[in-house]
Amino acid sequence: MAERIIILGGGIAGISAKLRNRQGTLVDENPYLTMAPRIIDVISGQNPDYPLIPRPLDYTGSVKSIDFENKKLHLHNKDITYDKVIIALGHSQDYSFIKGSKHINGFSGYHDALELKNKIAHKKHIVIIGGGYLGVELAGAIGSNRVTILEAGTQILAGLPGKFSETASELLSSSGVSIELESPVVEVRKDMVITSGKNYESDLTVFAGGFTGNLPDTMQDITVKNSRMVVNSYLQSVDYPDVYAAGDTMVIENGGFIPMSAIIARSSGITAMENAMGFKSRFKPNNFANIIRVGKNYFGTVGNTFIHGIGARIIKEAAVALTVNQVKEL
Ligand SMILES: Cc1cc2nc3c(=O)[nH]c(=O)nc-3n(C[C@H](O)[C@H](O)[C@H](O)COP(=O)(O)OP(=O)(O)OC[C@H]3O[C@@H](n4cnc5c(N)ncnc54)[C@H](O)[C@@H]3O)c2cc1C
């Protein structure tokens with residue numbers, strides 16, 4: 001009898017795994033896939049439903065815990081046994097380490113975007129914590145002199161070639177956004193953000209300082225780093241050989257930095273499924289394109305080439321279209 005392979009999470013990694021092996025069982029708590037780049041469009045005024053792509057599932061249910069010893073998933077509404085499981089539960093945020101974190105708004109998913117969209121219109125001083133791609137794209141979508149980005153490091157979009165930071169800084173400054181570098185946040189209050197050097201008025205503070213994985217607390221008896229499951233280069237759990245992970249949920253043991261991106265999610269979903277099927281595919285991360293949007297401007301790299309304007313926009317939109325097409329194939 002064929003082995004039962006369960007795919008937990010029907011985001012980009014999960015649907016890529018399912019398309020690699022249609023015998024896999026796809027489980028998600030949401031009847032729709034959230035197209036993350038389109039969350040930015042919600043902030044800039046698109047129809048709120050724009051990021052949501054309905055997709056078929058084998059089971060709808062929220063996973064609460066996994067009994068790894070007995071190979072059983074506990075969903076909120078039923079238990080499912082597996083021979084192999086691929087965990088692809090995406091990302092989350094953790095800013096509980098910041099003093100006054102109850103005054104911070106998260107920005108990691110669709111519901112956060114809706115909430116922010118409603119609040120932004122009425123606020124005078126909006127502080128975004130973190131100048132990575134999320135903070136930069138969010139600030140660009142608001143595009144107003146009410147916005148300040150507080151970045152702890154010496155440049156925004158750190159980790160990317162310097163041209164990214166230069167281009168984003170110019171575009172954001174011309175839309176009125178202030179960028180404060182070397183400004184690690186020490187405390188957030190209802191109406192203020194305190195950094196090591198200065199205080200900033202803020203009636204809306206948003207965290208864009210990075211993502212963690214999204215493993216429920218009850219699943220953290222396996223080896224995790226930042227709530228991401230630690231896997232080997234075959235995307236296999238370092239604790240349980242029948243457990244695999246893909247996309248934002250995984251981090252490779254002794255591997256270098258791997259960005260949380262759609263390209264990585266797609267390729268790792270395929271590799272995880274191949275290994276669950278019994279092939280021996282080593283995962284070779286290759287984030288070959290990286291496009292950032294600031295308001296209506298697009299720029300980034302394809303391979304080693306820096307591009308901007310319509311070419312960059314087409315590449316970003318083609319990546320979204322690819323996922324929409326994958327959903328249609330399910
Ligand atoms: C605002 C924003 C913009 C982005 N823009 C880009 C971009 O332009 N280009 C790019 O490459 N990347 C971008 N990213 C990152 C990219 O979207 C992610 O890296 C990618 O979606 C990861 O895919 P995934 O399958 O790992 O997770 P996801 O696509 O997040 O899927 C996770 C799935 O797990 C399900 N799930 C979660 N918890 C449970 C549970 N307990 N039970 C059942 N199901 C559950 C969710 O419903 C979801 O369907 C962006 C991210 C954000 C937040």
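1. Strands here are DSSP runs of at least two residues, numbered from the N terminus. On that basis Asn226 sits in the loop that joins strand 20 (224-225) to strand 21 (228-231). The model is a predicted one. The phi of Asn226 is near 60°, which is positive although the residue is not glycine. Most residues other than glycine have a negative phi. Asn226 has 14 C-beta neighbours inside 10 Å and therefore counts as partly exposed, because a residue is buried at 20 or more and exposed at 12 or fewer.

2. Leu157 is another residue with a positive phi that is not a glycine; the value is about 50°. Leu157 belongs to the loop between strand 13 (147-150) and helix 5. Leu157 has 24 other C-beta atoms within 10 Å, so it is buried.

3. Helix 6 covers residues 262-276, which is 15 residues. At 1.5 Å a residue the helix should span 21 Å, and its end C-alpha atoms are 21 Å apart, so the two figures agree. Just after helix 6 comes Gly278, with a positive phi of about 110°.

4. How many of the 15 residues of helix 6 are buried? Twelve are, so the helix is mostly covered. Among them are Ala262, Ile264, Arg266, Met273 and Asn275. The buried residues pack against several elements, including strand 1 (5-8), strand 9 (84-87), helix 1 (12-20) and helix 7 (310-329).

5. Two packed helices are described by the angle between their axes and the distance between the axes. For helix 1 and helix 6 the angle is about 40° and the axes are 7 Å apart. The two helices are therefore oblique to each other, since only angles under 35 degrees count as roughly parallel. The crossing of helix 1 past helix 6 is right-handed. On the helix 1 side the contact includes Ile12, Ala13 and Arg20, and on the helix 6 side it includes Ala265, Gly269 and Glu274. By class, the contact residues are eight nonpolar, four polar and three charged.

6. Helix 4 (residues 133-142) and helix 5 (residues 162-174) pack at about 30°, with axes 10 Å apart. Helix 4 and helix 5 are therefore roughly parallel. Helix 4 passes helix 5 in a left-handed crossing. Which residues meet here? Val136, Ala139 and Gly140 of helix 4 meet Ala168, Leu171 and Leu172 of helix 5. Five of these contact residues are nonpolar, one is polar and none is charged.

Key:
Residues numbered from 1 in each chain as written. Predicted model: local features only at pLDDT ≥ 70, side-chain atom pairs only at ≥ 80, totals over all residues. Helix = DSSP H or I, 4+ residues; strand = E, 2+ residues; numbered from the N terminus. Expected span 1.5 Å × (residues − 1). Contact = placed C-beta atoms within 7 Å. Axes fitted to C-alpha atoms, helices over the stretch in contact; angles between N-to-C directions. Parallel < 35°, antiparallel > 145°, perpendicular 65-115°, else oblique. Left-handed = near helix turned anticlockwise from the far one by under 90°. Nonpolar A, V, L, I, M, F, W, Y, C, P; charged D, E, K, R; others polar.
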